[in-house]
Amino acid sequence: MVTSLLTTDDLRQAQALVAESGLQFEPPYDDLVGVFESGQLVAVGARQGRVLKMLAVAPAHQGGSLLGEVVTDLVGRGYQEGVDSFFIFTSPALAPSFEAFNFNLLVSSGKTALLEYGDGLRRYLARYQRQVLPGDNGAVVANCNPFTLGHRYLIERAALSVDHLYVFVVREERSLFPFPARLRMVQEGTCDLPNVTVLDTSWYAVSSITFPTYFLKEGDPGGAIQMELDLLLFGTRIAPHFHIKTRFVGREPFCRTTAQYNAAMHSILPPLGIEVQEIERKSAIGAAISASRVRDLLVRGDLDGIAELVPVSTLDFLLSSEGIKIWTKGGVT
Amino acid sequence: MKITKKVQAGTLQSSDLMVFLEPAETLSVTIESTVLKQFGELIRAKVEEVLAKHGVEAGEVRIIDRGALDYAIEARLETAILRATEG
């Protein structure tokens, strides 16, 4: 029977089993569960948000149903917590044992494979089937926290050189402005451009799953691997669906993580048949426009300064009661 | 019966299935199965039969199947419906 591992002795056994299996014991987690046999822990697994990790079965008990029991339990508990899609990072060699449990391989690169429980990616692509247009299309992936004249400039320039431009707004809720607000700012700020469609990335691009370091803002080697998965997933699964031949990106003068991501794009996407075009940032009052600059000005309450950096539609939103509520809670309180 | 909360039933072991139910305005059924090509229609018919039997007219039903036989499908789905509608 699968049980929660809570006591000090449970944890000690879990750490030992995870380490024996050649994995890292990595807190934090939302759930840590396992199966005991005569007082001995023989299977273990954990869930952190949407990610299942530290899955291990003692060698003498492999080949049976234990792994399935642990994963079932973690999925069931996660679902109760409101998580409706689950991911596993594992080595490509172990991917088939998870595929047998209806996990689908999303992308695999070198030492890491990313799998998803169920067929969320296919359903995500199917949901946007009507927006798929023929031609040589392009893509911009952006967080737009908030939507600035810099984003507008990038999108305008990109839209000129392709048949159709897809703007993927990062779905992940790790930003000052919540996703629905960001999506709306982008939609309103681009609604006059006839060949631009605004979509969401779901969990499949620049998310805490595919690219966790984007949200940590650090430049460690672990991040490089995960950037690679993010770009491979984009290049092999998302881009072909939308006939995307070019990915556009703003040149990154400030943020090291984003600059690394741009560099990774140049090495990973062209071999997959996707051209990468870096577009020079638009400047205002002597410096490149960026969303972080807008957020700094918001904190200082410099609304005149912001008016120079964002389109009217974004300014209207920032000054609406809904908008004010969002940016004052970050600064004043 | 009306689905009032998000529930799950079943396991991902071989010959079993996972059922996920959640409230929705309309009824939608998605089925993923290792034997979808061979038995997809039969699975769907069974799911619809059980939903009709319990008078479920709205909700999002997601089935992830690993070759369960029809009585397993019925039992798992019935369990999920009872969990989703109790209290």
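## Contact between the chains

The contact between the two chains takes 10 residues from chain B and 10 residues from chain A, two residues being in contact if their C-beta atoms, placed from the backbone, lie within 7 Å. On the side of chain B that touches chain A, there are 3 nonpolar, 4 polar and 3 charged residues. In this classification Ala, Val, Leu, Ile, Met, Phe, Trp, Tyr, Cys and Pro count as nonpolar, Asp, Glu, Lys and Arg as charged, and the others, Gly among them, as polar.

## Basis and confidence of the model

This is a predicted model, in which local features need pLDDT of at least 70 and side-chain atom pairs count only at pLDDT 80 or more, while totals for chains, interfaces and linings use all residues. Residues are numbered from 1 along each chain as its sequence is written, and chains are lettered from A and ligands numbered from 1 in the order in which they are written.

The model scores ipTM 0.77 and pTM 0.84. Chain A has a mean pLDDT (the predictor's confidence in each residue, from 0 to 100) of 90, and 95% of its residues reach 70 or more. For chain B the average is 93, with 99% of the residues scoring at least 70. Within chain A, confidence is highest in strand 9 (residues 165–169), at 98, and lowest in helix 7, at a mean of 64. Helices (H or I, at least four residues) and strands (E, at least two) are DSSP runs, numbered from the N terminus.

## Domains of chain A

Chain A is divided into domain 1 (2–84) and domain 2 (131–331); the bounds come from an automatic or database domain assignment. The C-alpha centres of domain 1 and domain 2 of chain A lie 37 Å apart.

For Arg157(A) and Leu115(A), 42 residues apart along the chain, the C-alpha separation is 36 Å. Arg157(A) belongs to helix 5 of chain A and is partly exposed, with 17 other C-beta atoms within 10 Å. A residue is buried if 20 or more other C-beta atoms lie within 10 Å of its own, exposed if 12 or fewer, and partly exposed in between, with C-beta atoms placed from the backbone.

## Strand 4 and its neighbours

Strand 4 (residues 51–57) of chain A is mostly covered, as 6 of its 7 residues are buried. Strand 4 pairs with strand 3 (residues 40–48) of chain A in the antiparallel sense over 5 bridges; two strands pair if DSSP finds at least two bridges between them. Ala46(A) stands opposite Lys53(A) of strand 4. The hairpin of strands 3 and 4 of chain A has 2 residues between the strands, and Gly49(A) takes a positive phi near 60 degrees there.

With strand 5 (residues 87–90) of chain A, strand 4 pairs in the parallel sense over 2 bridges. Leu52(A) has Ile88(A) in strand 5 as its bridge partner. The chain crosses from strand 4 through helix 2 (residues 66–80) of chain A to strand 5, and this β-α-β crossover is right-handed: with the strands pointing away from the viewer, the path from the first strand over the helix to the second runs clockwise.

Helix 2 of chain A also holds Val71(A). Val71(A) is buried, with 27 other C-beta atoms within 10 Å. Not counting residues up to four places away in sequence, Val71(A) touches Gly45(A), Leu52(A), Leu55(A), Phe101(A) and Leu12(B).

## Backbone features in the loops

Most residues other than glycine have a negative phi, and most peptide bonds are trans. The peptide bond from Pro27(A) to Pro28(A) is cis, with omega near 0 degrees, and Pro28(A) is found in the loop between helix 1 (8–20) and strand 2 (31–37). Another cis peptide bond, also with omega near 0 degrees, runs from Asn145(A) to Pro146(A). Pro146(A) lies in the loop between strand 8 (137–142) and helix 5 (149–160) of chain A.

Cys144(A) is likewise in the loop between strand 8 and helix 5, and its phi is near 55 degrees, a positive value in a residue other than glycine. Cys144(A) is buried, with 26 other C-beta atoms within 10 Å. Ser202(A), not a glycine, has a positive phi of about 50 degrees. Ser202(A) is found in the loop between strand 10 (196–200) and helix 7 (213–216) of chain A and is buried, with 21 other C-beta atoms within 10 Å.
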